[in-house]
Amino acid sequence: MQSTLAERISRYTQSTPESIGPEISGRLTRMVGLTLESVGCPMVVGDRCLISVENHAAVEAEVVGFADDRVYLMPLTAIDGLRPGARVTPLSSAGQIPVGFSLLGRVLNGAAEPIDGKGPLQPEVHIPMTGHIINPLERAPIRQPLDVGICALNSMLSVGVGQRLGLFAGSGVGKSMLLGMMTRFTAADITVVGLIGERGREVKEFIEDILGEEGLARSVVIASPADDSALMRLRAAMLTTRMAEYFRDQGKNVLLLMDSLTRYAQAQREIALAVGEPPATKGYPPSVFAKIPQLVERAGNGKPGGGSITAFYTVLTEGDDQQDPIADATRAILDGHIVLSRRLAEEGHYPAIDVEASISRVMPHIVSDTHLRLAQRFKQVYARYQQSRDLISVGAYVPGSDPETDFAIERIPAMKRFLQQGLKESAPFDESIQMLQKILEAPSPKQANLAQRK
């Protein structure tokens, strides 16, 4: 029996989406530098869209501002082939990112797309790019030390679970190497690494030589090298933080490494200047100094009984200037700063951590009184030697003139050895404290000789 018209319509209706609305699109009207202008397409800041290009792949862009009926776009990919009047179509699922434990061992770009050649992602869930802001009064306080495997940090600049620290240094002083050591040695459940705006060569070297197979197996790497668009670098930093937030919400202790926060600020500067925001401090618009705390404040402890994000952000100091505006603003909002010294690096002292210029603001709350006293005593002795270093080197200091300086001269060789560490050497937390105590409380060579004679 032939089906009736009503039955056929009913079958077709079941296989048709419930709501089919008109496709709204706009057109491209202007392009200046990397800033694109579109009209006729209602979108909000943060929305993503596709710009149709003849004989080329479509260009993906994101809304970064507007003026009257004009919408300002920044491209995420190359912009070859754009022409006036090109069609601009909004993307419906632009704000969702893939997350899940199946992403461990994968390398993504700033658009959350795999770039490691291991096939498509198999995410457990998609979540919004913008995470929920935790009330600061609901966060668990930082009370537990974290073993990072670096002797100088464990003993002199103890890191707490949920702390956020900055790694301040100029170029070529060993920031990436120090990050790699912490990646291998830190006692964390999951590591999320963001390589933002660095050399493309370093991405593969970091994954193969520093992380290795074992480290990569418990890590997610988001890479956006220097030749990516400013918007892609910005999104990569946000994606890195959002990925760490997801694992923290699952009750995991996460180690977040971002190299570097300065490139994130420079990407925001490019975007802000392109849409007409006036420059302020050394060419940085005000929005840059608003974006940095919005990013780093998302790290830290969750609610009591939940997970945590312990974050390390590298900060480039141009010309080793610690008063660089980005370095100065970052230092003020982080829970401590680790300064790498070019002088120490040139002397072959690695890691080149300047313990005098560095500080961990939570250390008094997470270590014992004995440990804190030993660390303070170490700094006093080390500083006394540095103050008299020039006199000692030219032979102008007379032994016996000052007992404290004599003590510093006796201990400085052991102190320097204590602060140095090989790239593949791990220094557990308790062992670092024992070594610190041994250096300061062990008898001097003169005392040892007297004891043997007696």
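This is a predicted model: local features need pLDDT of at least 70, side-chain atom pairs count only at pLDDT 80 or more; totals for chains, interfaces and linings use all residues.
A crossing of two helices is called right-handed if the near helix is turned clockwise from the far one by less than a right angle, and left-handed if the turn is anticlockwise.

The chain is divided into two parts, domain 1 with residues 23–90 and domain 2 with residues 96–370. Their centres, taken over C-alpha atoms, are separated by 31 Å. Where the domains meet, 8 residues of domain 1 are in contact with 8 residues of domain 2.

Strands of a sheet pair through backbone hydrogen bonds, either parallel or antiparallel. Here 6 strands form a closed barrel in the order 1-2-5-4-3-6, and their pairing is antiparallel. On average, neighbouring strands of this sheet are turned by 45 degrees against each other, direction ignored. Strand 1 (residues 26–32) runs antiparallel to strand 6 (residues 87–90), to which 2 bridges join it. In this pair, G26 stands opposite V88 of strand 6. Strand 1 is also joined to strand 2 (residues 35–39), by 5 bridges, and these two strands again run antiparallel. One of the bridge partners across this pair is L36 in strand 2, which pairs with M31. Strand 1 and strand 2 form a hairpin with 2 residues between the strands, and in this hairpin G33 takes a positive phi near 65 degrees.

A further turn of the backbone deserves attention. Most residues other than glycine have a negative phi, and most peptide bonds are trans. D68, in the loop between strand 4 and strand 5, has a positive phi near 55 degrees although it is not a glycine. Two peptide bonds are cis: the bond from D259 to S260, with omega near 10 degrees, and the bond from Y350 to P351, with omega near -10 degrees. S260 is placed in the loop between strand 15 (253–259) and helix 6, whereas P351 is found in the loop between helix 9 (342–346) and strand 19 (359–360).

Helix 5 (residues 230–249) connects the account of the strands with that of the helices. Helix 5 lies across strand 3 (48–51), strand 4 (59–67) and strand 5 (70–75), and runs at about 90 degrees to strand 4.

Two packed helices are described by the angle between their axes and the distance between the axes. For helix 5 and helix 6 (residues 261–274), the axes come within 8 Å and cross at roughly 135 degrees. Helix 5 is therefore oblique to helix 6. The crossing of this pair is left-handed. On the side of helix 5 the contact involves A230, L231, R233, L234 and A237, which meet R263, Y264, A267, Q268, E270 and I271 in helix 6. By class, these residues divide into 7 nonpolar, 1 polar and 3 charged.

The second pair consists of helix 3 (residues 175–185) and helix 4 (residues 200–217), whose axes come within 9 Å and cross at roughly 50 degrees. That angle makes helix 3 oblique to helix 4. In the sense defined at the outset, the crossing of helix 3 and helix 4 is right-handed. S176, M177, G180, T183 and R184 in helix 3 face F206, D209, I210 and L211 in helix 4 across the contact. This contact has 4 nonpolar, 3 polar and 2 charged residues.

Note on methods. Residues are numbered from 1 along each chain as its sequence is written. Side-chain values use heavy atoms; hydrogens and water are left out. Two strands pair if DSSP finds at least two bridges between them. Helices (H or I, at least four residues) and strands (E, at least two) are DSSP runs, numbered from the N terminus. Axes are lines fitted to C-alpha atoms, for helices over the stretch in contact, and angles run from 0 to 180 degrees between N-to-C directions. Contact means heavy atoms within 4.5 Å. Angles under 35 degrees count as roughly parallel, over 145 as roughly antiparallel, 65 to 115 as roughly perpendicular and the rest as oblique. Ala, Val, Leu, Ile, Met, Phe, Trp, Tyr, Cys and Pro count as nonpolar, Asp, Glu, Lys and Arg as charged, and the others, Gly among them, as polar. Domain bounds come from an automatic or database domain assignment.
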